[in-house]
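Trainee: I have the sequence and the model open and would like to talk through a few features. Could we start with the terms and then look at details?

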Amino acid sequence: MTMNLFNQFLSPTFLGLPLIAIALMAPCLLYPSPAPWWQSNRWMTLQNWFIGSFIKQIFSPINTKGHSWALLLATLMVFLITLNTLGLLPYTFTPTTQLSLNMAFAVPLWLATVIMGFRNSPTHALGHLLPEGTPTPLVPILIIIESISLLIRPLALGVRLTANLTAGHLLIQLVSSAAFSLLLSQTTAASLAVGLLLLLTILEIAVAMIQAYVFVLLLSLYLQENV
Amino acid sequence: MMSRLVILSANSLKGSGPFGAGLVHASRSLHTSSQSRAPVPPLPETGGKVRHGIFPEEIFQLLYPKTGVTGPYMLGTGLITYLLSKELYVINNETLSAICIFSVIIYGVKKFGPSVAAFADKLNEEKLAKAQEVKDLAMSGLTQAIENEKKEQWRVEGRAMLFDAKRNNVAMLLETNYRERLHMVTNEIKRRLDYQIALQHLNRRLEQEHMINWVEKSVIGSITPQQEKESIAKCIADLKMLAKNTQAKATV
């Protein structure tokens, strides 16, 4: 039974072909593409509105130089939200439960911000390692602590997303299998479990969207620090 | 890989930046056929009709001649029964989670669907209203310009009256000026003539006085003392006679 629970996170292959490629590329087919006429349909309008307001909110504290990251972060946000929410449907595979994928997003983007910061204004970037107003005896320790926290950021980004989604999916599996096995013998307990499952599902939908947002928000914060 | 997502993000960010126009013009070079988009056929107002949210109405219409109204529902039920009985679809824990997630989705769509659709429609309406406002503003500006032009044309017709009035004004001014000058000239001439007259009067008077003085002087000079005595005696004699006469008249 314990082996079974983690089977859902195995990267699916078919005859040796990795299906994760399809799992990554297929969701964008769900989105409407802009029509050549002037007024778009409801889906397109909503999508435009969503991406527009999201980018406006994320990039308002960042200065103009960092606005070149707008396309990247908008794409990342849409991608992560799609993968996360589609993974809540039954019998689907969520690519963002794979640590490899999330680290592949977190490390390059974080490293890009750090390298940009050290290239353009190295003193300013190094200055981030010491918060203002620290008492002098604490300075050496604090610098070490701050640099460790700087280096741990990509790990935190990747693992946060992976852990949240994996935990959510695991819980759903656990509670649903508990409810299923109790369904015939102890129906009341099973109904309680089903109620729990409903709440959990709602929570998972929220977590899926929030985790994607947090990932992109933290990246924008790292960008704001270094640009 | 994320190219399609990038495209959709790019399209929604297309308005900003110099890349927008460039993308469109760059792809023009790849157009091989000379298709033209005008006149554009009218687009349908609503999407395809669906029953129960997913199944297109066309399936029901397709099956209606052969199986009537309940056809598609029988098809669905039969299909599900077949899958379950042959254990092609096994009911397990995922089924429960599927029921949960689908009920949440259906609840969400039923509850928030109309308001989200109204919101999207409102966004579109605002976009349309903005463009309409621009058009209306342009039109009202142009009609205003036309009215102003007509007014100017009307003003031009009244130009002749204006010129007449001005001409009259100027003529009056000239006339007044002429009369003033005439008056002045008359006055000046009269003054000069008066001066000459006064001069003549003066001359005459001087002459008269001079002559009178000379006559008097010569008369006085010509009276000898004897003549003076004789005249005085005569006067006394005349006076005595007169006195006698009056006395005589008084006593009578």
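Mentor: Let us begin with exposure: buried means under 20% relative accessible area, exposed over 50%, and partly exposed in between, with a 1.4 Å probe and protein chains only. This is a predicted model, in which local features need pLDDT of at least 70 and side-chain atom pairs count only at pLDDT 80 or more, while totals for chains, interfaces and linings use all residues. Residues are numbered from 1 along each chain as its sequence is written, chains are lettered from A and ligands numbered from 1 in the order in which they are written, and side-chain values use heavy atoms, with hydrogens and water left out.

Trainee: Ok, so is Leu155(A) buried, partly exposed or exposed, and which helix is it in?

Mentor: Leu155(A) counts as partly exposed because its relative accessibility is 45%, and it is found in helix H7 of chain A. Helices here are DSSP runs (H or I, at least four residues), as are strands (E, at least two), numbered from the N terminus.

Trainee: Which residues form the nonpolar patch on the surface?

Mentor: Leu155(A) forms it with Leu99(A), Ile144(A), Ile148(A), Ile152(A) and Val159(A), and together they have about 520 Å² of accessible area, by the Shrake-Rupley method with a 1.4 Å probe, where for residues only the protein chains shown count as cover. Helix H7, residues 139-182, gives the largest share of the patch, five residues.

Trainee: Switching topic, at what angle do H3(A) and H8(A) cross?

Mentor: The axes of H3 (residues 42-59) and H8 (residues 187-226) of chain A come within 10 Å and cross at roughly 40 degrees; axes are lines fitted to C-alpha atoms, for helices over the stretch in contact, and angles run from 0 to 180 degrees between N-to-C directions. The two helices are therefore oblique to each other, since angles under 35 degrees count as roughly parallel, over 145 as roughly antiparallel, 65 to 115 as roughly perpendicular and the rest as oblique.

Trainee: And which residues meet there?

Mentor: Phe54(A), Gln57(A), Ile58(A) and Phe59(A) in H3(A) meet residues of H8(A) including Tyr213(A) and Leu217(A), contact meaning heavy atoms within 4.5 Å.

Trainee: What about phi of His52(B)?

Mentor: Phi there is near 55 degrees, a positive value in a residue other than glycine, and His52(B) is exposed, with a relative accessible area of 55%.

Technical notes:
Patch = residues over 30% accessible without salt bridge, like charges linked within 9 Å, V, L, I, M, F, W, Y side chains within 5 Å. Salt bridge = Lys/Arg side-chain N within 4 Å of Asp/Glu carboxyl O.
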